[in-house]
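Here's a quick tour of the structure below.

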Amino acid sequence: MSEQKQAEQRVVIVGAGMAGVQTAVALREQGFTGPVTLIGAEPHQPYDRPPLSKAILLGKAEDSAFEVDFEDLGIELRLGLDVTGLRAADHEIDTEAGPVGYDTLVVATGAHPIALPGTEGVPGVHLLRTLDDAVRLGPVLERRHAVVVVGAGWIGAEFATAARAAGCAVTVVEAAGLPLTGALPDEVAAPMAEWYVADGAELLTHARVETVEPGRVVLADGRSLPADAVVVGIGARPATGWLAGSGIALDPSGAVTADDRLRTSLPDVYAVGDCASFPSARYGERLLVHHWDNALQGPRTVAATLTGADSGPYDPVPYFWSEQFGRFVQYAGHHAAADELLWRGDPADETWSVLWLRAGVPVALLAVGRPRDLAQGRKLIESATPVDPARAADPSVPLKAAVR
């Protein structure tokens, strides 16, 4: 794109979370000179989400705002503004403050947490997705309330960890038989169930919530759990409801179906982060990745495409990390198509890893307190380098030394 053409191109980014902010920053870093407008539904300065379930809850992070000088970068911020629709033929979005025109639109609206049916308006029920959510939960921890966490996924485990650290009595209710069902195979998730007990939290599996009332949670089997506060962590859905009627292609989960350059089915419209799925040639399927690293990496592809510096297809090795019950847990890759699972170490120990292979090539790795395994394994996954399974299963052998 020529300098003059670029200077006339209005880029509007809807969503001021990680993906939206990084798209704006990446455009400037890659030399884009046109006007950039970043629209956020929340009134706060754009902020990072991972600390919400970690440090902010415990009062250890005063501020999670991004250290970005938007004014210096010439990025117009429009905060506290809800976007209600997209009219692609007119190259306009509708907002509460009237229509906003664009030459290029980037959809970065993230995902909404799924509410527990029947809990709307019940006092003491919390979701953990926004800064305001975290601020509301602060006093719960300060007062050492009895807390029931619904859902033993990543967010549930992280909140339970923070609540136990604050001295709360914590009960975690999980409908499945193990934590992280759906995210990890049972044999890998099983040792993690022990972490709850060891940390003093109660984990109730095969347990379904019947009703939530002020002060208590009633389970389907009739058990009643005291609950000064209830925190719901049962998943998230792409925040794409505002795109209804726009003609944009969505997948069954509601995510925008982007292509390998993160372009959508509509002209001049891109989608990035938690609200968009993309085709992975590496894994042979479409991926929807609800993690921070995807919201950091995808914007660079969008910016490169818009500035004409095409950086190739977007096909990352997904990565995320979680701190729970005194352990640093990292995951890289996508294990769905693996045909072999190797343990590196004993899951009863403090540190161990699991490596997934497909035809002898690493496709995913979970590391508990073994960051070197993660770093070396991630490189092997990215380069699709075959390993010797016997050596790769020996935790005393560095993964890079297990290459065939």
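## Helix H5 and what follows

Helices here are DSSP runs of H or I with at least four residues, strands are E runs of at least two, and both are numbered from the N terminus. H5 itself covers residues 186-198, and its end C-alpha atoms sit 19 Å apart, which agrees with the 18 Å that 13 residues should span at 1.5 Å a residue. (That expected span is 1.5 Å times one less than the number of residues.)

Buried residues in H5 include Val 188, Met 192, Trp 195 and Tyr 196. Buried means under 20% relative accessible area, exposed means over 50%, and partly exposed is in between, using a 1.4 Å probe and protein chains only.

## Ground rules

This is a predicted model, where local features need pLDDT of at least 70, side-chain atom pairs count only at pLDDT 80 or more, and totals for chains, interfaces and linings use all residues. Residues are numbered from 1 along each chain as its sequence is written, and side-chain values use heavy atoms, with hydrogens and water left out.

## Helix H7 and its neighbours

H7 (residues 371-383) also has 13 residues, and its first and last C-alpha atoms are 19 Å apart, close to the expected 18 Å. Its buried set is Asp 373, Leu 374, Gln 376, Gly 377, Leu 380 and Ile 381. What do the buried residues of H7 pack against? They pack against strands E22 (319-324), E23 (327-333), E24 (340-344), E25 (352-358) and E26 (361-368), with contact meaning heavy atoms within 4.5 Å.

At 45% relative accessibility, Ala 384 is partly exposed.

Leu 262 is another non-glycine with positive phi, about 70 degrees. It lies in the loop between strand E18 (256-257) and strand E19 (269-271). Is Leu 262 buried or exposed? Leu 262 is buried, with a relative accessible area of 3%.

## The whole protein

Zooming out, the protein has eight helices and 26 strands. Of its 404 residues, 52% are buried. Among contacts with a separation of 6 or more, 60% come from residues 24 or more positions apart. The C-alpha atoms fill a box of roughly 60 × 60 × 35 Å along the principal axes.
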